[in-house]
Amino acid sequence: MVGIVLSLILTTNVTFHLPNLQNDFKGFMDYKKIQDKESVQYQLQSVACTDDDGIRYITHNNIKYLCVALGSYFGTRIGTIYEIKLGDGKIFNVVLADCKSDKDTDITNTYLEINDSYINIIEFVVDVAKISEKSLKLGDIIEYPYQIKSIVKQGYFDYLKNNS
């Protein structure tokens, strides 16, 4: 049986510039849409769990990393970790579990435009059978309702196949 071992590599923090637009909408995608068993995205989901809000996550050294998709402006290496700070001061960690297609984002590949002043930067990877009815209806993960104030890249997970 092949298992996946996560090795955390920390790098110099990189803080990203965020557009000055309303960004409190947090979309989602069903993790079951990741079907290529040879992909790193699929491998990451094989070690992920689902929390009480239906959001997929991995833990490493007792730190929870929520699985997200971001535009390529933030990087395309699956397993990259970021710290997200919201307008209410809440800080949480995420791991890049999938990449938004450049054709689905703005010219800088940062966000999906909802309308002229409203954007979606983060797309949570979820188990749609376990998210709230309200989130499902709105298409928005309501547990994280505030503006994103900062996104800081901190490092990445390396994946090692372990024959055990």
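I started with the fold and counted two helices and ten strands in the chain. Helices here are DSSP runs of H or I with at least four residues, strands are E runs of at least two, and both are numbered from the N terminus. This is a predicted model, where local features need pLDDT of at least 70, side-chain atom pairs count only at pLDDT 80 or more, and totals for chains, interfaces and linings use all residues. Residues are numbered from 1 along each chain as its sequence is written, and side-chain values use heavy atoms, with hydrogens and water left out.

I read the order along the sequence as β-β-α-β-β-β-β-β-β-β-α-β. The radius of gyration is 15 Å, close to the 15 Å from the globule rule for 164 residues, so the chain is as compact as a globular protein of that length. That radius is taken over C-alpha atoms, and the rule is 2.2 Å times the number of residues to the power 0.38. I also noted that the C-alpha trace spans about 50 × 40 × 30 Å along its principal axes.

Next I looked at burial, and 47% of the 164 residues are buried. Buried means under 20% relative accessible area, exposed over 50%, and partly exposed in between (1.4 Å probe, protein chains only). For contacts (heavy atoms within 4.5 Å), I took residues at least 6 apart in sequence, and 75% of these contacts join residues at least 24 apart.

Then I went to the salt bridges: a side-chain nitrogen of Lys or Arg within 4 Å of a carboxyl oxygen of Asp or Glu. I got four by this rule, and I wrote up some of them.

Asp127 pairs with Lys32, with the closest N and O atoms 3.9 Å apart. Asp127 sits in the loop between strand E9 (118-126) and helix H2 (133-138), while Lys32 is in the loop between strand E2 (22-30) and helix H1 (40-46), 95 residues apart. I found Asp127 buried at 7% relative accessibility, whereas Lys32 is partly exposed at 44%.

Asp51 and Lys64 come to 3.1 Å between their closest N and O atoms. I placed Asp51 in the loop between strand E3 (49-50) and strand E4 (56-60), and Lys64 in strand E5 (residues 63-70), 13 residues apart. Asp51 is buried at 11%; Lys64 is partly exposed at 37%.

Arg77 bridges to Asp158 at 3.4 Å between the closest N and O atoms. This pair links the loop between E5 and strand E6 (80-86), which holds Arg77, to strand E10 (residues 148-163), which holds Asp158, 81 residues apart. I have Arg77 as partly exposed at 42% and Asp158 as partly exposed at 29%.
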